[in-house]
Amino acid sequence: MRKIEEVISLYRKYGCLAEPLKGYISNQSKGDNLILKTQWKQTDLERIENIKFSKNYIVRNGQPNQFEVQSSNIVTENNELWNKESPSGRLNVIIRNITTKKEEEKQYIEIWDHRQKIKNYNITSLEKHGKICDPDGQFGSVCWSASEKNLLYIAEKKKLKTVSYFDSKPNKDDKDEEEKPVKGQEHDYIDDWGEQLVGKTCPVVCILDIDNGDVKVLDNILDNHSLGQAVWAPSDSGVVFTGWKNGPYRLGLIYCPIRESAIYYWDIVSNKCERLSDDTRCSALPRFSPDGSKLIYFDNDIGGPHYQCARLLMCDWPSRQTSVIVDIVKEPTVKSFPGFYVASLPTKCWSADNSRIILSSVWRSSVSLVVVDVKDKTVTRLKTNVKGDAVLMDVLTDKLLVKCSALNQPPYLAISSLPVAGQEGEITICPLDEPIPVPGISWEVQTFSPTDRPHSKFGALNYETILLMPEVSDVKPPLIVFPHGGPHAVFTEGYMLYTSCLIASGFAVMYINYRGSLGFGDNNLRSLPGNIGDQDVKDCQAAAEEVVNSGRVNGDKVVVFGGSHGGFLTAHLIGQYPKFYKAACCRNPVINLSTMVGSTDIPDWPFYESGHPFDHKAALNENILTDMWRKSPIRYIDQVEAPCLIMLGADDLRVPVKQGREFYRGLKARNKVTRLISYEGNSHPIIKTDSQADAFINMVEWFKKYLQ
Ligand SMILES: CSCC[C@H](NC=O)C(=O)N[C@@H](CO)C(=O)O
């Protein structure tokens, strides 16, 4: 293992690489010349900040898949919330967050032509709504109308002004009723959508008139719903959007697309709103075909596993007839399509001829490009000439802009071509910049079939691990067992900074996609709820023992690391197998399901994952409390021997800091070796520039100390 000074140098090197955030193929692209507009981020550890910059490329498409690239100058802009061209490419909108000299936050919408800024609207001063939602976030979208006369965006609904009962300022009678401040409600609790969506209470659809700056707020078209993901309907006849039901109280929405939601259409002439999707399902991610004849979206159950296998549906726009294009896949084979697991979609995802959809989806332990023919309902995996994950960024005239990465390859952008229908075999990925891999990392995907531990309902399911090894190692490397969080999430062959730095530091790392992970079929995913703390723990331990018994790693130097549900598994593993692990590090770990119910933003999670039904009226009782305790790591705290480092995001609403503190106190009281680090300004993901760097080095230091 490398010295800590070398590890710090490694992190400085690999933690400060430029990373592509997003990009699109410009509508100004003509024939052979593609113009690509991309945005990047780069960490600056000296200034402790992430800078953002844009890069444009001109790609000349001589032969199919033969692209030459010229990249343009790099311009840095950190206050841009959004920057997108109009359908013709003639105009550009920039949504900007400005902090004034008086520390006031203001939002502007700027309209640019090819020469200069032609409109500049101080949206905040209009006082028509609250903050504009991040267009890349849960609710957000920004969409030019086909006419280029209007801009669609999502913003927080305007909140009532409240004043004290003792406020002596005279009420101006000329104010209409809803403008008059309300007395005595300054301290009312305002429910919001939880983790990373604090203050997001009731987003609404807004329409800006580009020419005169008027803003129309659609805040009364659908009662008791939060609106988002809005797109223009064909010919700008109205707006299609996703509506999430607010009441009776909101449950955390991030990582949980299972909150009651439907797809709606608001008609601009009638001012009427109609529901397009099934109100017994959660529907989201509406996307029109280029000719406006078809609308697709995804749906899954309301409630249950916090991520699920989803259906792909299509609405024939003229008739509004809806059909299922791709259904849930319950039990795929190791090679067959495992179903759709989609957290987001690019704005444009259709082929030019309106017959196919292109998207990225989890496919066992990788993220793959997938093509769906909406006529014959076939699903085809696009194999590429590169290893690792391929995430679709944009599609235009059957050219694909893709973000690629691998376990040894930091993310890069590439261009490719969609094969003609029926010949979607392999595609050639053409990088826009020369990929530079992290040297010395090899990996292999292993499949486990725990026939000795079949699931009571679904029988023999399988799961996978990814074992990453340092290529240059004169001794058997120590092993970091690394289960993912969720639990309905997955580790894939895409790049992760921590992992590449751990391998470069001399560790072997084993990702564990235990049963219940995404991407292995719906039955696999649903095999875990009710069995957490046992099935997942045994899957992890069986994989860890197999790799130790293989002799490829140093079996006397095994440690375990995990976050969130991965932290839950870390705490279980050192409690249930105390002699096997020499040290542990857990981030925002779930420690005691029963004490979590009252403080997490998703109380349904501890109920459902421990096997108990949940609805908004759900309350704990002695049977549920006992069962939750039995499934929690706290149950095994007396057996723990491994020194355990606990890292918490101080603002975490998903797994409250009280969980980590409960474990810390229990270990301290039992004279066990433990340390707790709390990172201010971090929520569930510990990703602030300095915090993420500090957490990594502290974790490596902890492992090195107890592996000596
Ligand atoms: C009550 S939170 C349970 C853990 C959490 N699950 C869903 O949010 C979790 O593990 N989150 C994952 C992301 O899905 C993580 O790694 O943070």
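Where is the place of Asn224? Asn224 sits in the loop between strand 14 (215–218) and strand 15 (225–232). Helices (H or I, at least four residues) and strands (E, at least two) are DSSP runs, numbered from the N terminus. The model is predicted: local features need pLDDT of at least 70, side-chain atom pairs count only at pLDDT 80 or more, and totals for chains, interfaces and linings use all residues. Residues are numbered from 1 along each chain as its sequence is written, and side-chain values use heavy atoms, with hydrogens and water left out.

Start with the backbone. Asn224 has a positive phi of about 55° although it is not a glycine. Its relative accessible area is 42%, partly exposed. Here buried means under 20% relative accessible area, exposed over 50%, and partly exposed in between (1.4 Å probe, protein chains only). Glu103 also has a positive phi, near 60°. Glu103 lies in the loop between strand 6 (92–99) and strand 7 (105–112), and is exposed at 64% relative accessible area. Two peptide bonds are cis: Gly247 to Pro248, with omega near 0°, and Gly486 to Pro487, with omega near 5°. Pro248 is in the loop between strand 16 (238–245) and strand 17. Pro487 is in the loop between strand 33 (479–483) and helix 3 (497–504). Most residues other than glycine have a negative phi, and most peptide bonds are trans.

Now the rings. Rings of Phe, Tyr and Trp (its six-membered ring) pair if their centres lie within 6.5 Å; planes under 30 degrees apart count as stacked, over 60 as edge-to-face and the rest as tilted. This gives 20 aromatic pairs. One of them joins Tyr265 and Trp317 edge-to-face, 5.0 Å centre to centre, with 90° between the planes. Tyr265 is in strand 17 (residues 261–267), and Trp317 is in the loop between strand 21 (311–316) and strand 22 (321–326), 52 residues apart. Both Tyr265 and Trp317 are buried. Phe298 and Phe340 also pair edge-to-face, at 5.6 Å and 85°. Phe298 lies in strand 20 (residues 294–300) and Phe340 in the loop between strand 22 and strand 23 (356–363), so this pair ties together parts 42 residues apart in sequence. Ring pairs link Phe298, Phe337, Phe340 and Trp363 into a cluster.

Turn to the nonpolar cores. A core is a set of buried Ala, Val, Leu, Ile, Met, Phe, Trp, Tyr and Cys residues joined through side-chain atoms within 4.5 Å. The largest has 53 residues; Leu479, Val481, Met510, Ile574, Tyr581 and Phe663 touch the most other members. Helix 5 (residues 535–549) gives the largest share, six residues. Another core, of 45 residues, lies apart from it and includes Ile480, Val509, Leu645 and Met647.

Last, the domains. Bounds come from an automatic or database domain assignment. It gives domain 1 (127–165 + 179–345) and domain 2 (441–706). Their centres, taken over C-alpha atoms, are 33 Å apart. The contact (heavy atoms within 4.5 Å) takes 30 residues from domain 1 and 32 residues from domain 2.
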